[in-house]
Amino acid sequence: MSKEAVNTAEDASRADAAHKPADAGDAGYSKDLKARHINMIAIGGAIGTGLFLGAGGRLNSAGPGLALAYLVCGIFAFFVVRALGELVVYRPSSGSFVSYAREFLGEKGAYVAGWAYFLNWSTTGIADITAIALYTHYWSFFTDIPQWVLALIALAIVLAVNLISVKIFGEMEFWFSIVKVAALVAFMLIGIFLLVTQHEVGGQTPGLHVISENGGWFPEGILPVVIVMQGVVFAYASLELVGVAAGETAEPQKIVPRAVNSIMWRVGLFYVGSVVLLALLLPGSMYSGDESPFVTVLSKIGVPAAGDVMNLVVLTAAMSSLNSGLYSTGRILRSMAMAGSAPKFTARMNRSKVPYGGIMLTSAVCVAGVGLNFLMPEKAFEIVLNVASIGIITTWITIMVCHMVFVRRTKQGLIERPKFRLPGSPVTEIVTILFLLTVLVLMWQDPEIGRRTLYLIPVVAAALVAGWFVVRKRVAQNQLDRDYEELGIK
């Protein structure tokens, strides 16, 4: 092959990329996810243990001002999903932001985005199975079963569901989300009833005076509200699942904009609304990080089995997260494997058109998490959550950078921008990226968890650099093979 032929192949490849490049990892998927699945996946991504369990401790430390933190972080989370939604409408891909990073940032960008996302979800998967085991121990029937055994059982169940078919995954996630939404709606109706009827909660009448008589909206000042934003951001993690799922639905350009647009009011209703309601019912000091704030309220009014019901809901939220993590990493890894930046076996699909190779790799890391539960059952959850936080911020920043490059190319006339758009570009992307970087800075104010997380960044960066030197030749060869194939050169 002459040098001229090689250059011709590269030029043709770049010209085609400027149009609408197809991700090789998108081939072979079924289109079995319906509009209701995508809508509920969007809801499920916005509602999880960060609200059901995490809001209690944050209300205690930040007070009612926590609602502001949820609102601010929710707005930036919406910007990220809206940017991703625009990219999806432009070109749906199961590789999602990894595929877009490949197109707009090159193979190095796709490599970093993909492995950071894998780091996020594989470690979140460990956190999820740990949480499932802890929640299951709530019931006396399971108390004598070791935590690691329960974690392994949970992983086996969700793994089996993911390997059967995408339709089964969609149905499972649909019903998980139904349970979470129903629980929140039920609680909010109860809370509103308590407010309207002035029914006593914990020996006092609910209302605005509960806030004013206990230090106002910011009882400890604004600083605690700012500091808790690091945890609030992670509560919104997995909203980007909408982009991954779009690759397996028949009408992504029609379904995704509706799902993305609905996220904003859901954030306002479920997160901000429920936190304000909790603050109106009881003082922040009466909530605790050891118990769901919803259980705290329900137990104060004597609702029987309130703890059992809410524990089941939180358990469902953790199962939903694990389910989503296996699903998304399977698709992301396949996109990477087709480009050469992930192991070849992660590109494999079964007869049901499920990328089982990537799902199994994520599950293998989760099995290591089962071992962590065996060795350090009390510290397992905290350890892996720290690592996951690095991955999600990297992912969100990648999405915003990809969108900026995308918009720049539309202005150059290289590609066409869809009507469904992120408003205010590029200011919106820049402000969002600065906000996410600020969250990293805020972690330093938390010496117990946040600071330790920041110490991991150089380690992760070094691992990514070392990994790139391992895969770069294969990535280059794969790119060259694709160029030749497009030109009909063997």
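Q: Which residues touch the most other members of the largest nonpolar core?
A: The largest nonpolar core has 147 residues, where a core is a set of buried Ala, Val, Leu, Ile, Met, Phe, Trp, Tyr and Cys residues joined through side-chain atoms within 4.5 Å, and buried means under 20% relative accessible area, with exposed over 50% and partly exposed in between (1.4 Å probe, protein chains only). The model is predicted, so that local features need pLDDT of at least 70 and side-chain atom pairs count only at pLDDT 80 or more, while totals for chains, interfaces and linings use all residues. Residues are numbered from 1 along each chain as its sequence is written, and side-chain values use heavy atoms, with hydrogens and water left out. Among the members of this core, the residues with the most contacts to other members are Y70 and Y236.

Q: Which helix gives the most to this core?
A: Helices are DSSP runs of H or I with at least four residues, and strands are runs of E with at least two, both numbered from the N terminus. With 16 residues, the top contributor to the core is helix α5 (residues 66-90).

Q: How many aromatic pairs does the structure hold?
A: Rings of Phe, Tyr and Trp (its six-membered ring) pair if their centres lie within 6.5 Å, and planes under 30 degrees apart count as stacked, over 60 as edge-to-face and the rest as tilted. By this criterion, the number of aromatic pairs in the structure is 14.

Q: What is the angle between the planes of F78 and F79?
A: The centres of these two rings, F78 and F79, are 6.5 Å apart.

Q: How many residues apart in sequence are the parts that the pair of F97 and Y117 ties together?
A: F97 is buried at a relative accessible area of 1%, and Y117 is buried at 0%. F97 belongs to helix α6 (residues 96-105) and Y117 to helix α7 (residues 107-136), so the separation in sequence of the parts tied together is 20 residues.

Q: How far apart are the end C-alpha atoms of helix α19?
A: Helix α19 (residues 427-443) has 17 residues, and the expected span is 1.5 Å times one less than the number of residues.
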